[in-house]
Structures are given as C-alpha cells and as structure tokens.
Amino acid sequence: MSALAHLQAERSRMSATDRKIADFILDNAPLLRDYSSQQLADVVKVSQSSVVKFAQRLGFDGYPDLKLSVNEAVTRAAAESEASAGGGHAPAADAEATGAEALWSAKAAAELSTRQRNDADMLDTIAIWLAGAGRVYLAGSGVDGDAAGIFADRLGLLGCRCTTCRQPGKILGKLASATENDVLVVIDGGLTGREWLPACREIRSRGGRLVTITWGRRRWLAGMADGPLVVVAHAPEPHVEELAYEAAMRHLLDSLFLRVFTLRPKAAETFAVHRRRPRDAAAAASRQRL
C-alpha cells in the first residue's frame, strides 16, 4: 500500500489534529518534498512535535521517512498516469525501464532515510569500537549474513580480527572466549530477531560492546544495544522493499568501513598488502605447476 493510500485508509480513525495534517498532505502531496516538519506544522497550525508523532503513529520512523514515502507515491502515480495516457500498452523495454527506475528510486530513498535516521556521532563512536576491538563478531542470516561476511572480509583487510556466524545456534560457542575488548555486530532485517537474543546477552555479560543493525520496524533488539543503528526502507511491493532494505543496509556498513579505515594505523598500506596476498599466492601456485 502506498503512503497516500495508507493515509486515506487511516484518516477516519485519526484525531482531529492528525486529520488536519493528513488532509494537507493528501491535498498537496506533490509539494510535500519542499516542506520541513516545522514548515508543515506552521501551515497546518499545529506543533512540530505533532507532525513527528503523526508520522510515527502511521508506522514511519519520522517525518523525513514519511515525506520520502509520499514523494515515491507521487512519482509512481505520475509514471502510471503517463503510461496510461500512452494507451496502457508500453513496450517491454519501456516497462523494464520503468521498473528499474522505480527500484532505483526505492533504493535511493532508503539510503537517504537511513542516513538521516542514524546519528553521525553514533557512527563515529561505533567505528572507534570496531577499530580498537580485540575481535569483532558479526552475526546475521540470509542476506544479512552475506553482508556480515563481506563486512568481515573488508575489516580483515585492515588487520581487524573478525569472526562471523550465520546460525544463531552456533554463535554462543564462538563467543565463549569473548572479552570486554570485543564487539558483537548483529544484523537483523527479519521479523523478530529473537534468535540472536542469547548472543546479545552473552556479549553484554562479558563486558563487550553490542551493535545492532535492524530494520526500522523491528525495534526491540535495538533497545539492548550500546550502538543501535536502523535501516529505513519502504516500498509498496514487498520484493522491492526487500531490495531497498538490502541496498541501504550494505551502504550503512560501507559507511562504517570508511570510518574504521580512517582510524586504523597505516590502513592504506595494510589494506594493499592483505589485498595482494591471494593474488601472490595464486601466482606462486601457478609457477609451481609450471
């Protein structure tokens, strides 16, 4: 369901204040991208906090998230209207281009919303923890596990000691030797994330740091973390929403990697050396076969 359709569906159950905000958005959706939360509040004659709480009550992570979702709905409606005006029988190539554009828009919106949702100071602090950790444990399953593995490989190129785990049932054994100098990063875009609860408790009991990266709508796990990070991704089609989540989550990890890179001593040299090793080993093996 698009953001505008969601607003229309919920309108009858809203308070008088929320209805004023919803009506303005529905009547002026194409213009909303130019309004800050304070500007919208001034126009509707409510407080800025009322606008923020309105967005949160609708399931968004804040006003920027709502504004981006409304803009996506407006853009998508305009594209559909244009296609309909052309007879509704766009060539396959045009349909593919429209789908690609919608996917790119969803990914870009998710990345922007995620960047706005996470405080830069918190990212810097987490980077300091990772750069100075004795060992970094990275946990996640599915696409989250894939991203955790890639992030671990990149940290390894900087000389960081990393351990990954894709199966919640096996992570406690890996954490058996964890210390207060270690960091556990849990990436969870699933429905609950409760399977990682024992691992979170274990690292906290050992005095280590806990960092969580969760989808915005699954907040309970983030409440346990020393460093909670949130991915914000919305799209009307579930499969597109999943792709937008993955893109924003990976971009968030890339941002963390760049911060760690600036903190590790001789990072560029270490990265270059470690990156060459597989190539050098492959070249040596080839020479031996010859």
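Start by selecting aspartate 18: this residue is buried, with a relative accessible area of 7%. Aspartate 18 sits in helix H2. The model is a predicted one, so keep its confidence colouring at hand.

**Stop 1: around aspartate 18**

Show the side chain of arginine 57 as well. The side chains of aspartate 18 and arginine 57 make a polar contact at 2.9 Å.

**Stop 2**

Select phenylalanine 24, then tyrosine 35. Their rings form an edge-to-face aromatic pair, 5.5 Å centre to centre, with 75 degrees between the planes.

Is phenylalanine 24 buried or exposed? Phenylalanine 24 is buried, because its relative accessible area of 15% falls under the 20% cut-off. Tyrosine 35, at 21%, is partly exposed.

**Stop 2**

Phenylalanine 261 is partly exposed, with a relative accessible area of 28%. Phenylalanine 271 is partly exposed too, at 21%.

Ring pairs link Phe257, Phe261 and Phe271 into a cluster. How many aromatic pairs does the count give? The count comes to five.

**Stop 3: the cavity**

Next, look inside. Rolling a probe the size of a water molecule over the atoms shows where empty space is left. The count comes to one cavity of 30 Å³ or more. About 30 Å³ of space lies in the largest cavity.

Select the lining: Asp65, Leu68, Ser69, Glu72, Ala109, Ala110, Ser113, Val232, Ala233 and His234. Colour these residues by element. Helix H5 (63–85) and helix H6 (92–117) each give two or more residues to the lining. Which element gives the most? H5 does, with four residues.

The lining divides into five nonpolar, three polar and two charged residues.

**Stop 4: glycine 169**

Select glycine 169. Glycine 169 is in the loop between strand E2 (162–165) and helix H9 (171–174). Is glycine 169 buried or exposed? Glycine 169 is exposed, because its relative accessible area of 74% is over the 50% cut-off.

Now bring up tryptophan 196 and draw a distance between the C-alpha atoms. Glycine 169 and tryptophan 196 are 27 residues apart along the chain, and their C-alpha atoms are separated by 8.7 Å.

**Last stop: the whole chain**

Zoom out and show the cartoon. The protein chain comes to twelve helices and five strands. Buried residues make up 39% of its 290 residues. Finish with the contacts. Among those between residues at least 6 apart in sequence, 70% join residues at least 24 apart.

How values were computed
Residues are numbered from 1 along each chain as its sequence is written. This is a predicted model: local features need pLDDT of at least 70, side-chain atom pairs count only at pLDDT 80 or more; totals for chains, interfaces and linings use all residues. Side-chain values use heavy atoms; hydrogens and water are left out. On a 1 Å grid over the protein atoms alone, a cavity is a set of points where a 1.4 Å probe fits but cannot get out, and a pocket is an open set with protein on both sides within 12 Å along at least five of seven lines; lining residues have an atom within 4 Å of a point. Grid points are joined across faces, edges and corners, and a volume is the space filled by probe spheres set on the points. Ala, Val, Leu, Ile, Met, Phe, Trp, Tyr, Cys and Pro count as nonpolar, Asp, Glu, Lys and Arg as charged, and the others, Gly among them, as polar. Rings of Phe, Tyr and Trp (its six-membered ring) pair if their centres lie within 6.5 Å; planes under 30 degrees apart count as stacked, over 60 as edge-to-face and the rest as tilted. Buried means under 20% relative accessible area, exposed over 50%, partly exposed in between (1.4 Å probe, protein chains only). A polar contact is a pair of N or O atoms within 3.5 Å; within protein, one must be able to donate a hydrogen and the other to accept it, and residues adjacent in sequence count only if both atoms are side-chain atoms. Contact means heavy atoms within 4.5 Å.
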